[in-house]
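Open the model in your viewer and keep the selection panel at hand. The tour goes stop by stop.

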Amino acid sequence: MYIPGIANLSGEAADNMLATLKSEYEQFRSQGLKLDMQRGRPCVEQLDISSEMLDWGGAPYLCEDGNDMRNYGGGIEGTPEARGLVADILGVKRENVIVWGNSSLNIMYDLITKAMLFGVYGSETSWLEQARESGEKLKFICPCPGYDRHFFITETLGFEMINVPMLADGPDVGAIERLVASDAMIKGIWNTPKYQNPTGITYSDSVVRALAALKPKAPDFRIFWDDAYIAHDLYDDTDALLNLLTEAAKYGNEDMVYIFASTSKITFAGAGITALAASVNNVKFIAKQLSVQAICPDKINQLRHARFIKDTAGLKSIMKKHAAIIRPKFELVLKILQDEFRDNGYCGDTADICAWTNPRGGYFISLDAPDNCAREALRLAAEAGVRFTPAGATYPYGVDPQDRNIRIAPTVPALGEIDTAIRVLALCIKIAYLSKFASRRV
Ligand code: PMP
């Protein structure tokens, strides 16, 4: 229910409205709902798009380079077919690519721990050694709201995380430029540049160029560029993202860039192929380290993916099928938010009490509730049986300084469930807001 002028309600009118909302809430609570809008996973219908891969007999068994996929052998950088596919998708050359494992997060974690132990290409003093010598902590820049699992990695590995605000076209580059220029212990920055998790925004050309041109004090600084949603368009008219590796090369910065890709949300989540794209120097350096960790990659999964996806045209046709399934879910969330709050546009003029993003791809919608209301609203929603990603999760250390950001992941639930879940969320936000307001008056 839309409440005209909720932001200006006062006195008895506010109390009466709160009582009405609470009785509506009790009706939801008595239904024993069990709805989960927490994580960005593909739904079963999306997984079915790629199920034919499971019936794959595999023959012919030979990779392009003559290696039998069932045996050891082949370059640690991945099969030629899979490297070619990833290169095609990311717009880089095959020699810029290492196809590696089933989880891009694992590659990110691995590259950071490697840097902590051995340094990086061009600067082989370990990050830990530098921290020990300087007596300072290692630091990482975290544009936020951002992806909680990125933040878990740098938190777990003991980095001090520095918040930088996400704006409508990417992170605040002015703040990033100042930070990296002044502190050699800042070793990296997290990014999900296309259809960002959770805002769904895509970095503008000027933001990509500014990041490509950074002049960090640390010679071993790296941009972690997680292209998890590079192909995940909801509409034919897609967001365009500049190629960071190409842009960085223009400034002699190509070694500063690590790009990550994953088919976790193209084929099978957790059973896809994942990759690093980087300068040839980085690729050679990292491949040498990898060859100590493993004899060869999982060529079977790489080959199976390369044969299934084929090329960028094949990828587009798969992603169109995904979009047809999940686009109505995104549109339903947005429609209900519009019904409930009559506001739109990310952090624009708030005619009402909330603002939210209107993504053209990816897996999430980001909602900003009124300040100091997200935690309470999500607590109320959970009590009524509707779970969202915990408040604060989109910020380092799980602390949203304004306690307002809520990540909505609409891909898994059915439309009817989304309808209920978002209406409950809207109701809980209004209750949290009016309760705070009422308590201020007392
Ligand atoms: N990066 C981002 C930005 C994601 O949203 C996700 C999945 N939620 C991942 C990485 C996970 O990818 P993978 O399964 O390849 O580790």
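Helices (H or I, at least four residues) and strands (E, at least two) are DSSP runs, numbered from the N terminus. With that numbering, select P198: this residue is found in the loop between β6 and α8. Bear in mind that this is a predicted model.

**Stop 1: the loop between β6 and α8**

Stay on P198 and show the backbone. A cis peptide bond joins N197 and P198, with omega at about 20°. Now pick Y195, which lies in the loop between β6 and α8. Its phi is near 50°, a positive value in a residue other than glycine. Is Y195 buried or exposed? Y195 is buried, with a relative accessible area of 0%.

**Stop 2: the loop between β3 and α6**

Select C144 and P145. A cis peptide bond joins them too, and omega here is about 10°. P145 sits in the loop that runs between β3 and α6 (148-156).

**Stop 3: helix α7**

Select residues 173-182, which form helix α7. Color A175, I176 and V180: these residues of the helix are buried. Turn the view to look down the axis of α7. The buried residues fall within an arc of 115°, so they line one face of the helix.

What do the buried residues of α7 pack against? Their partners are the strands β3 (139-144), β4 (160-167), β5 (170-171) and β6 (186-191), along with helix α8 (205-212).

Next, go to the N-terminal end of α7, which D172 caps. A side-chain oxygen of D172 lies 3.2 Å from the backbone nitrogen of G174.

**Stop 4: the ligand**

Select the ligand and its shell. How many residues surround the ligand? There are 13, and the closest are S104, D226, Y229, S262 and S264. By class, the shell has four nonpolar, seven polar and two charged residues.

Draw these distances:

- D226: a polar side-chain atom lies 2.5 Å from a nitrogen atom of the ligand.
- S264: a polar side-chain atom lies 2.6 Å from an oxygen atom of the ligand.
- L105: a backbone N or O atom lies 3.1 Å from an oxygen atom of the ligand.

On its own, the ligand has 400 Å² of accessible area, and the protein covers 90% of that.

**Stop 5: the loop between α11 and α12**

Finish at K310, in the loop between α11 (299-309) and α12 (312-341). Phi of K310 is near 75°, a positive value in a residue other than glycine. Show the surface: K310 is exposed, with a relative accessible area of 59%.

Methods:
Residues are numbered from 1 along each chain as its sequence is written. This is a predicted model: local features need pLDDT of at least 70, side-chain atom pairs count only at pLDDT 80 or more; totals for chains, interfaces and linings use all residues. Side-chain values use heavy atoms; hydrogens and water are left out. A residue is near a molecule or strand if one of its heavy atoms lies within 4 Å of it. A polar contact is a pair of N or O atoms within 3.5 Å; within protein, one must be able to donate a hydrogen and the other to accept it, and residues adjacent in sequence count only if both atoms are side-chain atoms. Accessible areas come from the Shrake-Rupley method with a 1.4 Å probe; for residues, only the protein chains shown count as cover. Ala, Val, Leu, Ile, Met, Phe, Trp, Tyr, Cys and Pro count as nonpolar, Asp, Glu, Lys and Arg as charged, and the others, Gly among them, as polar. Buried means under 20% relative accessible area, exposed over 50%, partly exposed in between (1.4 Å probe, protein chains only). The arc is that of the directions from the helix axis to the C-beta atoms. Contact means heavy atoms within 4.5 Å.
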